[in-house]
Amino acid sequence: MELNELQQLIAKLEASGLRSLELSRPGERVKLTMSDNSEVQVVNADDTVELFAAPASLQAAPAGTTVLTEAAGLFLATHPMRSKPLAEVGQSVKKNDVLGLLKIGPVYAPVTAPADGVVTQILASDGALLGFGAPVLEIAASA
Amino acid sequence: MIEILSATALASVQDLGRDGYLRYGVGTSGAMDRVALAAGNILLGNPENSAAIEIPMFPFQVRFLEDIAFALTGADANAELDGQPIPPWWTIQARKGQELRLSPPTHGARCYLALAGGIDVPVMLGSRSTQLRGEFGGYCGRTLKRGDVISAIASAERAEAYTALPAAGFGIEPPEFTLPLGDLESTAHATRTFVRVLPAAEYDCYEDASLESFWSQDWKITSQSDRYGYRLAGEALVTKTTLEQRSHGIVPGVIQVPHSGQPIIQLRDAQPSGGYPKIGTVIEADLWRLGQARPGTQLRFVQTTYEEALSALDEVHDYLNKIRRLTELYLLSKR
């Protein structure tokens, strides 16, 4: 990656208010993390853990599993073509069901159920700008 | 490969259309909503002009005979893959044996089912579109029926690209939200569709009052509206003098006015020539909006200029380019 490209990414990261940014493309990966004194640290991502991958503990939903975002974006509780929200409290969901959308430019990334369960709480408000790892809703394992 | 399980008729294989043969009397065919067709292909990493299935009648059901990624665009048909709800304007990987069911949409008229690689039917006169009038092209030159088995073009690249597809799939913003037109209240409920229109050759032959009402009234899209054309109903349009004309060439979007004064918008399967006077032309950039307008709803014509029509077309291309770029980036970020 060229230095000026890296500088651009750093500027975008600083401007966005995000804590971390990871970019992968064929042959290279880079991860930028804001340190506490608000300087940018560049880390070779191969040496770091996957910060935003769903924890293994989410495979079977224990009581009150919080579903987190896996990207930053605008949270859409309802698909704009529809009037009914994708997830409502009390709704039974299956693993990989789409429970909300994160709008990233024109892309709608899914917020998905990590396991079968019942929606117990909606934590994110419709139209909110969410960062990485932000809580969206809570599901409990179905009895 | 997929197998058609529905007996329902009228679904057809379409790409962006068969350009360049109007002079030989061969109509363009092609998707009624070409933006939805292109977007479905973009979601799958296909060339925009790949063939997909245009579905105007519901319910519609198919079975996947292999593991393959597919995309749904156009009208929201409340799709379910083996009972799992699939959002509209979405792509997801199907597994062999799974069944996709599309229900009657609340809004919109046509849904597009695209397969990774694009539908594998022979290219005839430069297109994979079904020429229903001429009974060639597409799948055996006809609409699909129960038991038909449709293949996708095999591609190692698409298999590679879609290993990154999230298990729940992902979607894109439908164009009506990126490219809104007209008053938002009636377009949101799909009760009224706005399309931009350029005055055509015989525009000046109409009474002033008729021209006034052409632009200001709500035209009803009658039940005699299909891929060939939309017949409209409203206050009749009257010419200043009786017009007698020979047949001349027409293209999709041309608004002809027969003696009844009730306009007909010629569309993808229209014959390539006709003798009725032409009062206007729906601009190419807005034909997709017509493709999703249902019989029984209202249509409003908005006067535009040639320059505005060109920049509207640029906006459609910008939308498609943007979703291609962001789709590629999103998939890269998932690797």
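**View 1. B:E80 and its partner across two strands of a predicted model.** In this predicted model, B:E80 stands opposite B:R101 in β9 of chain B. Strand β6 (residues 80-81) and strand β9 (residues 99-102) of chain B pair in the antiparallel sense over two bridges, where strands are DSSP runs of E with at least two residues, numbered from the N terminus, and two strands pair if DSSP finds at least two bridges between them.

**View 2. The open sheet of chain B.** Six strands form an open sheet in the order β7-β6-β9-β4-β1-β11 of chain B, with antiparallel pairing. Its edge strands are β7 (84-85) and β11 (149-150) of chain B, each of which pairs on one side only.

**View 3. The cis peptide bond at B:P59.** B:F58 and B:P59 are joined by a cis peptide bond with an omega of about -5°, and B:P59 lies in the loop between β3 (52-55) and β4 (60-64) of chain B.

View 4. B:L125, although not a glycine, has a positive phi of about 50°, and its place is in the loop between β10 (111-115) and β11 of chain B. B:L125 is partly exposed, with a relative accessible area of 37%, the term covering values between buried (under 20%) and exposed (over 50%), computed with a 1.4 Å probe on protein chains only. B:C140 is also not a glycine and has a positive phi near 55°; B:C140 lies in the loop between β10 and β11 of chain B and is exposed, with a relative accessible area of 59%.

**Notes.** Residues are numbered from 1 along each chain as its sequence is written, and chains are lettered from A in the order in which they are written. Local features need pLDDT of at least 70 in this predicted model.

Note on methods
This is a predicted model: local features need pLDDT of at least 70, side-chain atom pairs count only at pLDDT 80 or more; totals for chains, interfaces and linings use all residues. Side-chain values use heavy atoms; hydrogens and water are left out. Helices (H or I, at least four residues) and strands (E, at least two) are DSSP runs, numbered from the N terminus.
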